[in-house]
Amino acid sequence: MPLLAIPAWSVWRMVRGVRLGDWRRPGWFGHAAWASFLLLALAWLWGTLSSGLDIEETCGRRHHEPYDDAYYQAHRDDYFRLFPLSQKCNADYDLVAPWVNPAVAVLFLLLLASLAGLGWTSTRRTAWKKGKRQSS
């Protein structure tokens, strides 16, 4: 859980920044990018590591679901994709929690948007400073 303290701090800084009007500054978007990246990595790891080391044992002992080796062999490529994540015991039961793939997609979009905002505010701020120096 200490790993969640970092994105929690960034989210707190973002909320505080919205109230103070700091969302127009690059630092606010930097915190947004950092928080979305860490949460994206945590959600993706949660889904990737959901089956443990042995999928057959995880299905049977922890989830009380029958493991279908024929299904696994037929869909072997699905288990090694980066997205969407899937670790199925059989055709009906997936070890990856239903919230993981939507969370990964939304956090990836937030990461892209915050990186775009970081670039936009950085270039706008630099252009504003140059214009201010020239007029002085």
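Predicted model: local features only at pLDDT ≥ 70, side-chain atom pairs only at ≥ 80, totals over all residues.
Which residues form a disulfide, and how far apart are their sulfur atoms? I started there: C59 and C89 form one, with the sulfur atoms 1.9 Å apart. My rule for a disulfide is a pair of cysteine sulfur atoms within 2.5 Å, and by that rule I count 1 disulfide. The link joins distant parts of the chain, 30 residues apart: C59 sits in helix α3 (residues 55-62), C89 in the loop between α4 and α5. I take helices as DSSP runs of H or I, at least four residues, numbered from the N terminus. About the S-S bond I get -95°, so the C59 and C89 link is left-handed.

Residues are numbered from 1 along each chain as its sequence is written, and side-chain values use heavy atoms, with hydrogens and water left out.

Next, burial. Both C59 and C89 are buried (under 20% relative accessible area; exposed is over 50%, partly exposed in between; 1.4 Å probe, protein chains only). I then checked S86, in the loop between α4 (69-74) and α5 (100-135). S86 counts as buried because its relative accessibility is 13%. Leaving aside neighbours within four places in sequence, S86 is in contact (heavy atoms within 4.5 Å) with D78, Y79, D94 and V96.

Last, F37. I found F37 in helix α2 (residues 26-48). F37 has a relative accessible area of 41%, which means partly exposed.

Methods:
Helix = DSSP H or I, 4+ residues; strand = E, 2+ residues; numbered from the N terminus.
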